Each structure stands twice: as structure tokens, then as C-alpha cells.
Amino acid sequence: MPSTSATRVIGAPREQVWALLSDIANARRWNSAWSSIEFVSTQTHGPDTQFRTRTGQGEAFEFRITGWVALEYIEFTPVRDEKERYGITLESQAFRLQPEGGDATRVDLIARASTHGIKGWALGLLFWRGYQRQGLNAALDKLEAAFASEEIDGPHEEATPAAD
């Protein structure tokens, strides 16, 4: 199973970084790929929360929170049909938070995938890590920017409940 990660020290206390990451309704503040978020589950916070995101291109993806240790770890797992198989499939992305002295937090963003077949194995070995790391760094850039501006204290939009 290939995995990759990116790390950033964010100039904010761990409690503030956690508050932003665990606020799924406003995840667009740290994930620019998501143009909208709607909850699929009645639960909107904590383990087993399920939500649907949409990209600017109109693609929809569902996720479930599968790992949750308050202030330390949050993991998002794509929800897929069991028959859905690709050469390489993202299995999860997770944030691990550690105090970094003073008012700073070390944020590790980890992505894990599974590979299927020789083509998937080759893609995972040769290309996936570098490609995925670009996305991880983009998310960390956006997360860091949220704390470098007044955005953290600004107004928030709410996610909408799923229509189906």
C-alpha cells in the first residue's frame, strides 16, 4: 500500500488548528478543491460523520470520518461502491497534529492508497506519491493561509443537508 505525506509547522496553537480541521461544514477554508460540502449523515461532527463534496467541475465525492482523536488525529476515507476498483485507489487522508512549542503546531498530512494489478502497482511506485504530495502541500498551504489572515475569525457558511 503506497503512502506519502507532507508536513508543515503552522503558526497557531493545536486547539485552533484542530477546530478548523474538525469543522467539516467549513472545510473549504483548508481544501480549495471542494467548492461545496453537504452532510449525508445526520451527524455533522466526530467519527462516522459522512459528507459529500463537490468540485468546481461538478464532480461529487463522499467521505466518512474514520479516525478521530480530539486535538491529535482526523482521518477522511472515501466512500465507494465495493465493486469500484481502479489501478490505484485513494484509501484515506489523515491529519496528525503535534504541539511544536509556543503557539505553533506541526501538521502531518498523510495519504494512503491501494494498488490493483501490475499497472496500478507501477503507477503507485513511480507516479502516485509525487502527484499526491502536490495535493497535500496545496491543502497545507491553504490551511496555513487560514491562520495567516483574518479568515479564521471571519463569517462562515454552513454546509447544507443532503437532498437524498
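Start by selecting Leu71, a partly exposed residue with a relative accessible area of 28%. Leu71 sits in the loop that links E4 and E5. Check its backbone: Leu71 is not a glycine, yet its phi is positive, at about 70°. Most residues other than glycine have a negative phi. Keep in mind throughout that this is a predicted model.

**Whole chain.** Zoom out and colour by secondary structure. Two helices and eight strands make up the secondary structure of the protein, in the order β-α-β-β-β-β-β-β-α-β along the sequence. The protein has 164 residues, 41% of which count as buried. Its accessible surface is about 9,000 Å², with 50% belonging to carbon and sulfur atoms. Among contacts with a separation of 6 or more, 53% are between residues 24 or more positions apart.

Select Asp48, in the loop between E2 and E3. Asp48 is not a glycine either, and its phi is positive at about 75°. Is Asp48 buried or exposed? Asp48 is exposed, its relative accessible area being 51%.

**Strand E3.** Move on to residues 50–54, which form E3. Four of these five residues are buried, so the strand is largely enclosed by the rest of the structure. E2 and E3 run antiparallel and are joined by four bridges; Glu38 has Arg52 of E3 as its bridge partner. E3 and E4 also run antiparallel, with five bridges between them, and Arg54 stands opposite Ala60 of E4. The hairpin of E3 and E4 has five residues between the strands, and there Gly58 has a positive phi near 90°.

**Helix H1.** Select Arg14, Val17, Trp18, Leu20 and Leu21, which are buried residues of H1. Look down the axis of H1: the buried residues fall within an arc of 160°, so they line one face of the helix. An α-helix has 3.6 residues a turn, so residues three or four places apart point the same way.

**The core.** Next, select Val17, Trp30, Phe51, Phe76, Phe95, Val107 and Leu143. These are the residues with the most contacts inside the largest nonpolar core, a set of 30 residues. Elements that each supply at least two residues of this core include strand E1 (3–10), helix H1 (14–21), strand E6 (88–99) and strand E7 (105–115). Which element gives the most to the core? H2 does, with six residues. In soluble globular proteins, nonpolar side chains tend to be buried together.

Now centre on Phe76 and display its surroundings. Neighbours within four places in sequence aside, the contacts of Phe76 include Leu21, Ile24, Trp30, Phe51, Phe63, Ile65 and Phe95. Arg64, Glu91, Ser92 and Gln93 are also in contact with Phe76.

**Confidence.** Finish by colouring by pLDDT. The average for the protein is 84, and 83% of the residues score at least 70. Among the elements, H1 has the highest mean pLDDT, at 95, and strand E8 (residues 160–161) the lowest, at 50. Select residues 150–160, where the pLDDT is below 50. In the model this stretch has 20 contacts beyond near neighbours in sequence. Where pLDDT is low, the predicted coordinates should not be read in detail.

How values were computed
Residues numbered from 1 in each chain as written. Predicted model: local features only at pLDDT ≥ 70, side-chain atom pairs only at ≥ 80, totals over all residues. Heavy atoms only, no water. Buried < 20%, exposed > 50% of the residue type's maximum accessible area, 1.4 Å probe, protein only. Contact = heavy atoms within 4.5 Å. Areas by Shrake-Rupley, 256 points an atom, 1.4 Å probe, with all protein chains shown as cover. Core = buried A, V, L, I, M, F, W, Y, C linked by side-chain atoms within 4.5 Å. Pairing = 2+ DSSP bridges. Arc of directions from axis to C-beta. pLDDT = per-residue confidence, 0-100.
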